[in-house]
Amino acid sequence: MKPLFSIILAFLFITPFTLQAQTTGNITGKVTLVDGQPLASGSVSITELAKTTLTDENGNYSFNNIAEGNYTIKVQVLGAAEKDIPVKVTAGQTVTVNYQLPKENVQALQEVTITTNTNKFSKKESVYIARLPLKNLENPQVYNSVSKELIQEQVAVDLGSISKNVPGAGIPMIANQGRVTFRSRGFETEPNARNGVAGAAFSFIDPVNLERIEAIKGPSATLFGTSISSSYGGLYNRVTKKPYNGFGGEVAYYGGSWNFNRIAWDVNTPVNADKTALFRLNGATSFQKSFQDLGFTNTISLAPSFSYQITDRLSLLLDVEFGQAKATSVVRFNPYVGNKTPVAPKSIADLNFPYNKTFMSNDLAYSTQMINIFAQLNYKISEKWTSQTIISRARSTINGYITALNGKSATTMSPQVIAGNTSFIATDLQQNFIGDFKIGNHRNRVVAGLDYYNNSNSFDRVTVNLPAIDFINVPSSYRVSRFKIDSLTSKGTLRKENNGDNTYAAYISDVFNVTDQLLVMASLRADRYQYGGVYNIATGVTAGGLGANGVQTGPYGQTAFSPKLGVVYELFKDKLSLFGNYMNGFFNKSGVFKDGSAFKPEHANQLEFGVKGDVLDHRLTGTISYYDIEVKDIIRPDPADPVNYSVQDGNQRSRGVEVDLTANPFAGLNIVAGYAYNDSKVTKGDSTTQGLRPGLSGSPHTVNFWVSYRIPTGNLRGLGAGFGGNYGNASYQTNTTLTKIIIPSYTLLDATLFYDQPKYRISFKVDNLTSEKAWSVRLTPQAPARFIGSMSLKF
């Protein structure tokens, strides 16, 4: 009886599944680009069932347990026509429905993953540079891209190490809150763009969630404005990692010199059964002591991201960056420049300023907290038009002590400490409409947008200046302690204020195909800047703050127009193109002339031309360009009354040549190389700077290269080594007719060994192999040889 009962139960349990297997089937397929590469994160749906899924990193998708019948598979990709494919599902069978997109440049407004082993360090295609689906060879603007594959191979754990691969970036300047700044075409440039919009961070930024860094060259205010710290040399755009359709990730540990310890993780998973809701979490925590006598950095970063294909036309991307740090300031030395008569040029290497000493103590630390929130809603209005809505919110706060060392004579300096709180909040709202359509036989790619940016800052801090000491013969027991600073804050200079501004902008850009190989770009931005003034909390008075020469200015508004023109001719389609551009940048300036009228915005105009190539089946890509940037309307002291007033007729010229090449001559060998020459000069200024190269403009000549080889086949597959370096010739921290402080030339060499397998990776890295002494433009000493070992587990 019991066996019969067991058989009946088994029959009842198995029958529903058997019936289901007999009455349902499956649909699978693969979606590829026009060149056969897989399309990731493409929307695929069954129209009749309102079921949607996304393709994975290999372009594959699947629907299981679909009832017998006739259905329509719809492939929906932003920037391309939707495709309906009829399919018949038969019980117990799997039907395959593949689709290859017929058009180029389907990478519009979303990250499309292209997996290829050819020249893996050259991933130029970007939706952010022109805010349009333009290939690199179609874009008249120059930009460099540092991919996560190169970042990983070089064991680059900070933005400064990543920037080594950008021509002209130079030695990174680390500010007192941990934020990093680079040089670009002779101008200071910060990495304050994130996924193409404002993502400012006035503190450290951990690269753990970076897909790549894009160095966009030249004045770029037309599309990016000035709110994201774009300079006349360009801007750095941080492209973050996006969720993908699948489960996976890795956990890594790093250890190295000066008690360096770091743990990093990257975990990705679908959230729902249809795999239309995806989640990814990147994070890291690090600790390291300074190579100098005192100093440390302790950080933690979390970067969750979520994507949701709400319908086949509507998608949402939401990601967050959270960072927290406690650290001591890096050395910032401001040498004495108050000479009344010319003195002989001096190198920082000859000033006998201690290379390994900070003069501070570890209890003079600052703490920072940074949070960036980014939301993007994409809606496919039609085959030809897409709507993109973006909200970006960034907040940075700094508490504690930030320091500097100010020269008082050729051999003495005075420590300066700022104690208190600083807070920065930025909000960016953006609405874009992107079109890809034809007028007659001529293709147009258009972006029209509205941009609102609000900036709000608050300060509650005191600046304390200590007595001068002889930095050459300083007693070994000398140190600036927290107790000493706290006891002097009541006598310091108080800054207790709030300030803010609003920017309202509209822009339009059109890339017009005259022929299939000749493209013309025309763009224009109208920008209205409203400065709200400075509210002094201590006095209760609202003013505009200090303008030129200490003149108080009230709230004001300025209007600026920024044009951009470009032309591209593809000598050989998708292989070699000639390009030229005219680009504009501007900065709003506060202050008044002697007659009381307000200053106008400062402007820069760039002319550039060059050649871009992508040949030998993508094994050699690169750009060679010449640029000429002229900055006008620079504020300088009024020659008739330099103490009290200013005029706005200063000019500066920056011109040069840049070369950027990546190559994969044969399987396993990869080469990245760059060269930048920059000739900057004050063409109209005061008598002490006229005709001279501006200080802080970086090295006129810089070289970067990286060569690596990875065994591609056999038992030792994945074993490799890399070697590279950076060179910059002598530059100036200060360059006037009275004082010249020279930063010596430098050659910094790095090397790696690695063993990369599907389930794990082991790496060993040495930075600055020869322990060469070098300085940033802030005269911050750079670390000697640094060793880092790492091991990561993949799943």
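This is a predicted model: local features need pLDDT of at least 70, side-chain atom pairs count only at pLDDT 80 or more; totals for chains, interfaces and linings use all residues.

Modeller: Overall size goes first. The chain has 795 residues and a radius of gyration of 29 Å, while a compact globule would be near 28 Å, so the two agree. That radius is taken over C-alpha atoms, and the globule rule is 2.2 Å times the number of residues to the power 0.38. Along its principal axes the C-alpha trace spans about 105 × 65 × 60 Å.

Biologist: How many helices and strands does the chain have?

Modeller: Five helices and 44 strands. Both are DSSP runs numbered from the N terminus: helices are H or I with at least four residues, strands are E with at least two.

Biologist: What makes strand 2 and strand 5 a pair?

Modeller: Two strands pair if DSSP finds at least two bridges between them. Strand 2 (residues 43-46) and strand 5 (residues 69-76) have four, in the antiparallel sense, so they qualify. Ser 45 stands opposite Lys 74 in strand 5.

Biologist: Which order do the strands take in that open sheet?

Modeller: The order is 3-2-5-6, four strands with antiparallel pairing. Strand 3 (51-54) and strand 6 (83-89) each have a single partner strand, so one side of each lacks a neighbour in the sheet, which is why they stand at the edges. The twist averages 25 degrees from one strand to the next.

Biologist: Which strands does strand 30 pair with?

Modeller: Strand 29 (residues 493-513) is joined to strand 30 (residues 518-536) by 16 bridges, running antiparallel, with Asn 502 opposite Gln 530. A hairpin of four residues connects strand 29 to strand 30. Strand 32 (residues 556-572) pairs antiparallel with strand 30 over 14 bridges, and there Ala 526 stands opposite Phe 561.

Biologist: Why is Ser 476 called exposed?

Modeller: Buried means under 20% relative accessible area, exposed over 50%, and partly exposed in between (1.4 Å probe, protein chains only). Ser 476 has 75%, so it counts as exposed. Ser 476 sits in the loop between strand 28 (469-470) and helix 5 (482-486). For the chain as a whole, 54% of the 795 residues count as buried.

Biologist: What makes the nonpolar surface patch?

Modeller: Val 703, Phe 705, Val 707, Phe 723, Tyr 727 and Leu 769 make it, at about 440 Å². Patch residues need over 30% relative accessible area and no salt bridge, with nonpolar side chains (Val, Leu, Ile, Met, Phe, Trp, Tyr) joined within 5 Å and like charges within 9 Å. A salt bridge is a side-chain nitrogen of Lys or Arg within 4 Å of a carboxyl oxygen of Asp or Glu. Areas come from the Shrake-Rupley method with a 1.4 Å probe; for residues, only the protein chains shown count as cover. Strand 38 (701-710) and strand 39 (719-728) each supply at least two residues, and strand 38 gives the most, with three.

Note on methods: Residues are numbered from 1 along each chain as its sequence is written. Side-chain values use heavy atoms; hydrogens and water are left out. Axes are lines fitted to C-alpha atoms, for helices over the stretch in contact, and angles run from 0 to 180 degrees between N-to-C directions.
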